[in-house]
Amino acid sequence: KSAAVKLSEMGERTKQLGTAMRDPHQQRRIILVIVCVALLLDNMLYMVIVPIIPDYLADLELEQSEHVHVVMHSNTSANSTSRDKSNKDNLDIQIGILFASKAILQLLVNPLSGTFIDRVGYDIPLLIGLTVMFVSTCIFAFGENYATLFMARSLQGLGSAFADTSLTVIKPFSNRTRENMPVGTPIYRLMIDPYIAVVAGALTVCNIPLAFLEPTIANWMETTMHSSQWEMGLTWLPAFFPHVLGVYITVKLAAQHPNLQWFYGAVGMVIIGASSCTVPACKTFGQLIAPLCGICFGIALVDTALLPTLAFLVDVRHVSVYGSVYAIADISYSVAYAMGPIVAGQIVHSLGFVQLNLGMGLVNVLYAPALLLLRNVCQMKPSYSERDNLLDEAPQGLYDTIKMEERRAK
């Protein structure tokens, strides 16, 4: 074939691709791929360094100590023992602060990123977030001291504050310009909405067991079960499958009975509470898998049921722009993961691992009845909304803005 024919065929394929991308169903598939890949990269970076950093920091500290030459005295053994204990405690504190730095910075930036996304849309914040996360990953690769690792971890929190919130509000491509985007409700007004506050509290409480166990369970397994390195590394892998199952079940149930989303969340919190209380009773790695799977299954129920409820609350009580409300959801997660690495270790040293788990379980079970306040949410009617003129069906709580965009495009 001649070059002209090949160029013509290439242009025809490009035209067909452009036509296909204008189809709402194709757009949603593309968006699904973008969201999945971006979240995979973010969580991969977050989780991969968790089992690596403690040993890496210990090796760095050992290398630094080898360069220090100290004249030994007769009472060296006693001083050496106390010095080793002090160094270990200091290393634990450093690891806790390093892990928490991501969530702390994310917690501080989220109010700003949510408002920014409401003003300019999701595309620019998403690009900013992914770029910052790429820079953070490169810094991790070449980090050779604590300060560099701390900066990389903090930058990851900054990137996640933009990327994660952008991914939750991403919607099919539209012709809407930034100048005519609706102005969303200020984030401080959303925070004082009692229904949104209940949902945000549930998201924080349900993630506390996971956030508190991640930095503490490995040491507990080593001292209690004498677990090997591979067992500690694979601790959370089996819990992935019930988490996916929980998401699937909740989506199916919510489609059939959307008025019971609060109930699915409450059941999830009870499952989390019961599972947390049974963790200390486990004596082997096989026994430990069951409660950890229960925790992740319960978290899937709560997250999948309550995140759409946030969108619905914004639809019926505020303006249907979701950046700020999903920034609040991200803040809720960040609160748990900011406290976990710092507070959990102190609780274990002061009270014990058993008391830590019983406390987390009790908090989840006691918070579950608070979701009763959401039982009448599905009966709420919007006081004023653009949907009255643009939507035929009643709102279902899942991104009414998308339907309005599609209606405009027709």
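Reader: In which crossing, left-handed or right-handed, does helix 12 pass helix 13?

Author: A crossing is left-handed if the near helix is turned anticlockwise from the far one by less than a right angle, and right-handed if clockwise. Helix 12 passes helix 13 in a right-handed crossing. Helices here are DSSP runs (H or I, at least four residues), numbered from the N terminus. This is a predicted model, in which local features need pLDDT of at least 70 and side-chain atom pairs count only at pLDDT 80 or more, while totals for chains, interfaces and linings use all residues. Residues are numbered from 1 along each chain as its sequence is written, and side-chain values use heavy atoms, with hydrogens and water left out.

Reader: At what angle do the axes of helix 12 and helix 13 cross?

Author: Axes are lines fitted to C-alpha atoms, for helices over the stretch in contact, and angles run from 0 to 180 degrees between N-to-C directions. For helix 12 and helix 13 (residues 323-350), the axes cross at roughly 145° and come within 9 Å.

Reader: Which residues of helix 12 meet helix 13?

Author: Contact means heavy atoms within 4.5 Å. D303, L307, P308, L310, A311 and V314 of helix 12 meet V325, Y326, A329 and Y333 of helix 13. By class, this contact has nine nonpolar, no polar and one charged residues (Ala, Val, Leu, Ile, Met, Phe, Trp, Tyr, Cys and Pro count as nonpolar, Asp, Glu, Lys and Arg as charged, and the others, Gly among them, as polar).

Reader: How do helix 11 and helix 12 pack?

Author: Helix 11 and helix 12 (residues 285-317) pack at about 155°, and their axes are 8 Å apart. Helix 11 is therefore roughly antiparallel to helix 12, a label given to angles over 145 degrees. Helix 11 passes helix 12 in a left-handed crossing. The contact of helix 11 with helix 12 has 14 nonpolar, nine polar and no charged residues.

Reader: Where is confidence lowest, and where highest?

Author: The predictor's confidence in each residue is pLDDT, from 0 to 100. The protein chain averages 80, and 79% of the residues score at least 70. Confidence is lowest in helix 15 (residues 387-390), at a mean of 39, and highest in helix 11 (residues 261-278), at 96. Over residues 384-402 pLDDT stays under 50, and the model has 43 contacts beyond four places in sequence for them. Where pLDDT is low, the predicted coordinates should not be read in detail.

Key. Helix = DSSP H or I, 4+ residues; strand = E, 2+ residues; numbered from the N terminus. Parallel < 35°, antiparallel > 145°, perpendicular 65-115°, else oblique.
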